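Here are my notes on the model you sent over. Have it open while you read.

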Amino acid sequence: MSDPRPIGVFDSGVGGMTVLQEIVRRSPAESTIYLGDNARAPYGVRPDDEVLTYSTQALDALVERDVKALVVACNTSTAVGLGEYRRRYDLPVLGVIRPGASAASLATRNRRVGVIATPATIRSHAYFAAIKDENPAVEVYEHATPTLVPLVEAGELKGPVAEAAVAEALAPLFGERDADGESIFPRPAGASVDTLLLGCTHYPLLRPLIAAALGERVAIVDSATATASALAELLTINALEAPGTTRGTAADAGHGGHQRPDEIAVAATHLQLTTGDVDRFLTVAVRMFGAAFPDVQAIDLAAAVR
């Protein structure tokens with residue numbers, strides 16, 4: 001049994017395309033519809049009730065297009081309303097926080113993880129709770145970095161302005177002291193964070209700058225790869241895989257001739273929707289996907305949702 005319908009992927013802007021990129025790589029037979037609410041980004045500085053309202057409007061619009069599963073590729077939306085979305089929709093809904101937390105808890109060597117995210121995500125302590133669920137021994141240091149999402153939405157991914165913004169955002173977690181000389185994030189003498197979790201799907205677009213600022217001593221983890229793997233498993237469990245999807249083995253993830261003999265693969269399709277400027281959105285899409293994703297359309301959420 002299979003399901004040719006697309007997967008709906010939602011984010012407040014362009015950041016969720018980092019998750020979309022991994023979904024396409026991990027599950028190339030799957031069709032997708034991506035919706036970025038760029039006109040109202042960033043979500044992370046908004047009140048929780050506003051985030052919930054906007055997110056529900058976007059997810060309703062995807063459901064109206066008959067998607068078979070929803071990926072909330074926005075950490076703020078996941079933190080604020082994942083339980084509400086799962087109650088509202090009669091189809092699988094996957095967030096990005098749990099997969100990212102699992103990856104970070106496995107990556108850390110000294111059991112000290114830093115998390116950078118939007119103010120709303122940090123306020124929810126969703127990553128703190130999720131990482132502690134994975135490994136209670138891990139120390140979690142959360143830090144809000146509200147300046148980074150607008151930077152990404154504006155396409156400022158390199159250059160002196162972006163470098164300075166990234167350095168300023170990371171400073172409290174990695175060495176900045178207050179007026180009394182005390183660490184803003186108190187830690188035992190000699191202790192340091194060895195893993196940084198990018199708790200916003202916009203932040204991987206700044207990963208080269210973050211890596212350059214931190215050096216090789218800090219592992220950088222984001223939720224995109226882990227979320228794509230979790231989605232593939234979710235589709236399998238619910239018998240929602242696209243026709244012709246390969247079924248792998250423990251030794252072979254699905255690229256060694258395991259295509260189902262009774263099904264014919266259908267070419268995957270990809271549609272991207274934005275509430276903001278189509279040309280600006282397309283610039284980022286082309287940077288990430290080349291000419292493979294040319295179909296970008298405008299959407300008015302107020303008109304799209306009944």
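1. Among contacts (heavy atoms within 4.5 Å) in the protein chain between residues at least 6 apart in sequence, 73% join residues at least 24 apart. Bear in mind that this is a predicted model, where local features need pLDDT of at least 70, side-chain atom pairs count only at pLDDT 80 or more, and totals for chains, interfaces and linings use all residues. Residues are numbered from 1 along each chain as its sequence is written, and side-chain values use heavy atoms, with hydrogens and water left out.

2. On the overall make-up: the protein chain has 12 helices and 10 strands. These are DSSP runs numbered from the N terminus, with helices being H or I of at least four residues and strands E of at least two. Of the 306 residues, 52% are buried, meaning under 20% relative accessible area with a 1.4 Å probe, protein chains only.

3. Have a look at L209, which sits in helix 9 (residues 207-214). L209 counts as buried because its relative accessibility is 14%. Leaving aside residues up to four places away in sequence, L209 touches L157, K158, A162, E163 and V166. A165 is 44 residues from L209 along the chain, and their C-alpha atoms are 9.8 Å apart.

4. What about disulfides, and how many does the structure hold? It holds 0, taking a disulfide as a pair of cysteine sulfur atoms within 2.5 Å. For C74, the closest cysteine sulfur is in C200, and at 6.7 Å that is too far for a bond. C74 is buried, at 4% relative accessible area, and C200 counts as buried at 6% relative accessibility.

Methods: Buried < 20%, exposed > 50% of the residue type's maximum accessible area, 1.4 Å probe, protein only.
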